[in-house]
Amino acid sequence: MVDLKPTGAPRSPGGLTRPDFVRIAGQGFGDPTNSYVHCLAGYRGYVFAGTSRNSMALLKLFPPPEPPALDPWPVSVPGDVADLDMHGQIWRLDSHRDGRPAGRTLGRRWRLVHTSPDILGKDGSLVPRDLGYRGMTVFRGASDSAPALYVGSISTVLRGCAARLLRSTDGETFDPVGEPGLGNPHVSTLRAMTGFDDQLWVPPAGQGITLNSNSASVIMRSDDPAVGPWREACEPGFGDATNTGVFELCVFAGHLYAGTFNAEHGYQVWKTPATGPGEPRWTRVIADGAGRGPHNEIAMSMCVFGDALYVGSGIQNGGYDRVSRVGPASSELIRIHPDDRWDLIIGQPRQTRDGWKDPLSGIGPGFGNPFAGYFWRMVSHDGWLYLTTFDWTVFLPWAGKPSRAAQTVIEAVGANEAVRRAGGFELWRSRNGIDWFPVTTTGFGNPYNYGGRTLLSTPYGLLVGTANPFAPESPDLTAHGWRYRRNPDGGSEVWLGTPCSSTRTVHSRRIARHAAGADMLITGATGFLGSRLADELTRRGTRLRILAQPGTEDAARRSSTDVVVGALDDRAAVQRAVRGSEIVLHLAGVLPGADPGDLHKINIEGTDLLLSACRDDPPRRFVLMSSTAVYADTLDRSRWPLTEAAALGPTGPGPAVAYGWSKVAAERLLQRRAAEGGFEWLVLRPATCYGSGSNSAEKLIKAAQIGAVLDRSSRVLQYLHVDDLASMAATLIWSAADRDTVHLAGPDALSWAAVQTLVRRVMKRHGMGRSATGEDPVDRPPMPLARFEFPYDLTHAFELGAMPRIGLREGLTEAAVELRGAKAGPRSSAAITRRGRRTGVGDATTRREVERPWMSR
């Protein structure tokens, strides 16, 4: 067999972003009725994926006591369950022969290795033994000659038998071991499985048609799961009858931790040290849903990262438990220290039995998303903690009884538009467990991917398996009402995240061929943006010529030895600078607030003089740095997100209007002169730029230091960090087509008032400021519209391989620390991120990784 081993593939010190991911399995591995990739595991050089099938149709045929009010139902449903193929499957991903993943062809190497057999059902008919496979782990029992792959199933307990535990030693055959339900004939599913203290620990997770809770509420353990016996490892519910299930297990700091399902008071977390064959000694660590009560109904996910255990919460049935009348509510994240202290990381500030808890991240429940019903999975990968959500935005068009938050969104932007803008699960990452940045907030661009169901860290990348039950047909609204049609985006998917397989890397290879040795003229290269962009282009191998204002030539020579001294109104200097340049990149200009005369002289007349020189001595391409200030509808939320085709013509009072018109004029001049001179043109329209050394960032930070509030406006800003702007612009110079226009904006969209709150929290956390009232600022619950209101659509930039990496919290933290001249303490995660991206290595002093083998043999 071929082993999957690290092969020198580039690591991701800056963390994975959306362009780093490619889909390696789609439409349910070619069968869209594979609804969930419930589990992923590495074993004997392969990746194994367990699926469940036709989940949404089965929910309609066997509804819970209080089914969701959806009309029409999200998938077409046959008249009888016998018409559904409910045989669970296990798929295997074969490696490339040299141990490297085979890029975009990797998905062709999936092979079906196991399908649930039929058994004689309780009514005498043949039924599938396993509806799906919900958990996997590698463990070596007493009678195992080598580590084996153990798989927990979802059963047909009402029609067939209780859930089975399967075992494989070759990755080809999967045989049931032990008694059905581990001795309990009512158990419907086995979910969490963990090796600890030389034993395999398995809590039965469901009963009957209920897949998350059961009346037994125990953990079973065995040192020889292939043979048995299995013994109870705790008393039912740890002695608390309101605990109706043990949902998650994790080994941390020499203990086994167990998280419960508790719809009455909220989840609990218990731990036991290793005791060998003796009775476990359980101690309760967390009670009452970490002080939030039933809205933290389930300890949904657990992950060790650094020196802490992270616990994500959820409410069953997607964030609204109708049977127990819990929710709807979004998820929270806490972390537990070895001494049982705990912190609230993401969630609602509150008083608890352990004192007041403020979310250290400053982020409300669900990352501010009212539809994030679960924090479903977490994994530590390459020095970062990754977390996925379940998101029910996709249900809005069919919601018969929308919640208050859902109704607000539907009334504001419309159900279908909400799905288009923000449907799909979210994947977030953190380098330190506190500062969190989004990787995708739209299910990798597929709104039907409503959950990031499973994560697996491998030597060649991060694997994400999705939950997508919207197949084979889903409703489509036509002139004649709802009609079911084939859904090409339905069925579970698997995505691979690694720099060596990213869209950005594909572009970068093509870009590198153009950039290496290219001659480029830059104007404005000594400015706030220009100096960064010049550095980035030099790093990419571009030969630079700089048109430098008199008095700035010494600064310009730090980036290039080819410097032409002269202003934009110096015709002779401009002509010398243009001569022989393959690319002209025009950054020079004055900003909003400048004298109207200077705006016209520099932004319009100076641009025209430069373009005239290009008409007479044409370059291959002219790139103009324009602005999002050119739009007519920047403040009209009903037209968001604006695309590059939105109407031009800024209106209203204020200095931004005159500045916007100067950029409109420059763009029109470019189009006319390019047609006359026969050269290509590209317009880049960045949103407000900030970063260390920028006036806007310094103004915010200094105001926060004294507790001043600059503006209470609700205007939404999509700030872009200057390093992201430089990186994105350097990519787009070559990846964009001729006569193209591209937005550049940040990953966060916040109101001006929210940005100031963010800065105050950053300053307080670093001991550098106070709030306007002298008290600790406390975040209010997020408005449900926050994630749907992005002023600028970045789809085109993403398609061209340009994506912002640096969130506002990260960028403003770095700016604040540098402004204060903080020399002591750890460097900010932003600085570490950018150092890693430039050099290809991370800062080893900031990474704490758990040493563990990825696969057993």
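Is Glu417 buried, partly exposed or exposed, and what is its relative accessible area?

Reply: Glu417 is partly exposed, with a relative accessible area of 23%. Here buried means under 20% relative accessible area, exposed means over 50%, and partly exposed lies in between, using a 1.4 Å probe and protein chains only.

A word on the source. This is a predicted model, in which local features need pLDDT of at least 70 and side-chain atom pairs count only at pLDDT 80 or more, while totals for chains, interfaces and linings use all residues. Residues are numbered from 1 along each chain as its sequence is written, and side-chain values use heavy atoms, leaving out hydrogens and water.

Now the partner. Glu417 forms a salt bridge with Arg420. The term means a side-chain nitrogen of Lys or Arg within 4 Å of a carboxyl oxygen of Asp or Glu. In this pair the closest N and O atoms are 2.8 Å apart. Arg420 is exposed, at 51% relative accessible area. Both residues sit in helix H5 (residues 415-422). They are 3 residues apart, so about one helical turn separates them. Helices (H or I, at least four residues) and strands (E, at least two) are DSSP runs, numbered from the N terminus.

The structure holds 37 salt bridges. Another one repeats the spacing: Arg673 and Glu676 are 3 residues apart in helix H11 (residues 655-677), about one turn of the helix. Their closest N and O atoms are 3.2 Å apart. Arg673 is buried, with a relative accessible area of 13%. Glu676 is partly exposed, at 43%. This pair also belongs to a network of salt bridges that links Asp608, Arg615, Asp616, Arg673 and Glu676.

A further bridge joins Asp569 and Lys601, with the closest N and O atoms 3.9 Å apart. This pair links distant parts of the chain, 32 residues apart. Asp569 lies in the loop between strand E39 (562-565) and helix H9 (571-578). Lys601 lies in helix H10 (residues 596-616). Asp569 is exposed, with a relative accessible area of 53%. Lys601 is partly exposed, at 45%.

Back to the start, then.
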